[in-house]
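This report describes one protein model, part by part.

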Amino acid sequence: MKKLFLAVLMLGPAVGLRAEDGHQLWLRPHVSVPVTVVLPARTSALLATARQELQQGWQGPAGATITLSLKKDKAIKYDGFRLSAQGVQASTERGLLYGVFELLRRQQIGQAPEAGLSNPSYEHRLLNHWDNPDGSVERGYAGKSIFWRKDSALVVTRRDQTLWQQYARANASVGINGSVLNNVNASPVILSAGYLGRVKAIADALRPYGVKTYLSVKFSSPVLLGGLKTADPLDPAVVKWWQGKVKEIYQQVPDFGGFLVKASSEGQPGPQDYGRTHADGANMLADAVRPYGGLVMWRAFVYSPSDKDRAKQAYNEFVPLDGKFRDNVIIQVKNGPVDFQPREPFSPLFGALKKTAVMPEFQITQEYLGHAIDLAYLAPMWEECLQSDTYQAGPGSTVARCTNGSVYRQAHSAMAGVSNVGLDRNWTGHDFAQANWYAFGRLAWNSSAKSAQIAEEWLKLTFQNAADATPAAEAEWNAKFLTPVAQLMLASREAIVDYSMPLGLHHIMSATYHHYGPGPWWAPSGMRADWTPPYYHQAAANGVGFDRTRTGSDAVSQYHEPLASQLNDPATCPDEYLLWFHHLPWTFRMKSGRTLWDELALHYDHGVQQVRQFQRTWDRAQPYVDAERFAAVQNKLRTQSGNAVMWKDACLLYFQQFSRLPIPAAVEPPM
Ligand code: GCW
């Protein structure tokens, strides 16, 4: 008896629902009420999923009848849907499933089940996994890969399948309809028969949730895997090899989505190795997948050590190729012209191409924003990019509209996010990093969605409990938890910019492989200059910043007017981008009236103060959070707070050797 009691005590906290909350993402189970679901006449795994979700999660009127109907309707785009009190109407099965998730989300967060139409902004909403076949994840901070494992790579276990289903369900709940299963630095082995067997098993687990499977491919696979002498895209034997490989893939995965390719970039092989263009390479693969309806997403992340300004390279390589790509090719462009920095202006490739489909790539995993230690809610960063005006066809040509086919027609449209998912029990390493997975899906569905609204939704789904549902409890929860924690989230990315790379500084992290913490001095001898921070900040006695004006590298001219002129003039260039585009004296007068040096120091200091404020906010949230998540986030904020001080001190002391100016009195002196 005593033993049993002890066992219960030991098991208690570990299996209790609250303790498990953090592992359920935003899809925590709750008590549902009976509902009758009427399905279209045909049956399918996807429809079964939709019914099951309704039955498990219904919190509307008990005994209601909900009808899911498939009907052609010109107003419904892609996987869009129409909601009404009676049910969901869509033109695809996926649309029905997304409508069901929307209904359930509204019920759970207490929003009226608004009738009406909801269409996705992009046709394809994809996660890119930088997962390697050995189970490691490039830039992954949440443990090993959920797809690949070192030794028994090809044995599919029940546990694998359950995990893949849970992953697919989470994606479906926010409208993500595709996953690229492996790293863009692709291993050729992924296309071997053994691995394709596992790809099939993954595709089978994702399909009932409407998530299509894609693969990254290495351009030299015909040589490395196929034993050919060349991977020249115009060589008939190479063309034939890819055709055969594609056929083999579609035999295993009939609804395979297509390929993602990093070629002629960062040492990866590509068409340029054979004197061919990106278009030659992309089109060859596009022709191979076309008979099956497949797509090729060809990345524009290209730069070389010889470039005077890395930020200009992608534009220079791709603009001359506009109109040369097949219509099942989409050029995948990182949000900024350098590389996923805490803040970059939008890439000028958005708004540059007229006859070629372009898609944004965002990084959900926090390579440059504090890994899984710093709390960074990234939706404001993505919103900032999507809403930036490129002026491609006059005012209002936002990045969102230039990539979803509204400004120039695109046969296909898509948005990709580099996933932050791993085997960690909470999926993403940091509990708040779950919000970035969620927000990516919500923004890919509706590129006009507001970060603040997404944060509130996510907080309610992830932290609110049934016990908080009485009006009084809810008012308290809103005031004491929701509002302050949402504010924390919304300020979090700017805080990181402030304590690491304010005023347009970029790429001054420790450029040692890990990319964590400050390193403006990092420049080992013999290292490629464009991989070292001094190349980017250009700090010297005469000032700081990268001159990209018309008299500098002229990167400004890759933007349309009136933006180009606005960026070119330090008086009109927004402070956020000042040192991105200008090299300015330390005593330069800012819009605030302060000197550049003082302003810089104040930004660094403000970032530190912000994180301390986040700590206080979180401490006050304790009564509203389970112990496990409270402690985890509290610990991480503590580490982040110390790291913020390190960033500030290291950068200010480093820059001070050039500025030779005192730290302003309002700034906390270095430790
Ligand atoms: O940001 C850089 C990363 C690399 C990554 C590369 C890319 C997958 O440091 O790890 O490689 O970008 O996007 O291709």
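## Domains

How far apart do the C-alpha centres of domain 1 and domain 2 lie? They are separated by 28 Å. The contact between them takes 14 residues from domain 1 and 18 residues from domain 2; two residues are in contact if their C-beta atoms, placed from the backbone, lie within 7 Å. On the side of domain 1 that touches domain 2, α3 (45–57) and α4 (93–109) each supply at least two residues. Helices (H or I, at least four residues) and strands (E, at least two) are DSSP runs, numbered from the N terminus.

The protein chain is divided into domain 1 (24–118), domain 2 (124–463) and domain 3 (502–546 + 583–659), with bounds that come from an automatic or database domain assignment.

## About the model

This is a predicted model, in which local features need pLDDT of at least 70, side-chain atom pairs count only at pLDDT 80 or more, and totals for chains, interfaces and linings use all residues. Residues are numbered from 1 along each chain as its sequence is written.

## Nonpolar core

The largest nonpolar core has 192 residues, and Leu-285, Val-296, Leu-349 and Val-358 touch the most other members. Such a core is a set of buried Ala, Val, Leu, Ile, Met, Phe, Trp, Tyr and Cys residues joined through C-beta atoms within 7 Å. A residue is buried if 20 or more other C-beta atoms lie within 10 Å of its own, exposed if 12 or fewer, and partly exposed in between.

Not counting residues up to four places away in sequence, Leu-285 touches Trp-242, Phe-259, Val-261 and Val-296.

## Helix α13

Helix α13 (residues 434–445) has twelve residues and reaches 17 Å from its first C-alpha to its last, close to the 16 Å expected at 1.5 Å a residue. The expected span is 1.5 Å times one less than the number of residues. Twelve of the twelve residues of α13 are buried, so the helix is largely enclosed by the rest of the structure. Among them are Trp-437, Arg-442 and Trp-445.

## Ala-357

Ala-357 has its place in strand β12 (residues 357–363). Is Ala-357 buried or exposed? Ala-357 is buried, because 26 other C-beta atoms lie within 10 Å. Leaving aside neighbours within four places in sequence, its contacts include Val-329, Ile-330 and His-412. The C-alpha atoms of Ala-357 and Ala-231 are separated by 25 Å, and these residues are 126 residues apart along the chain.
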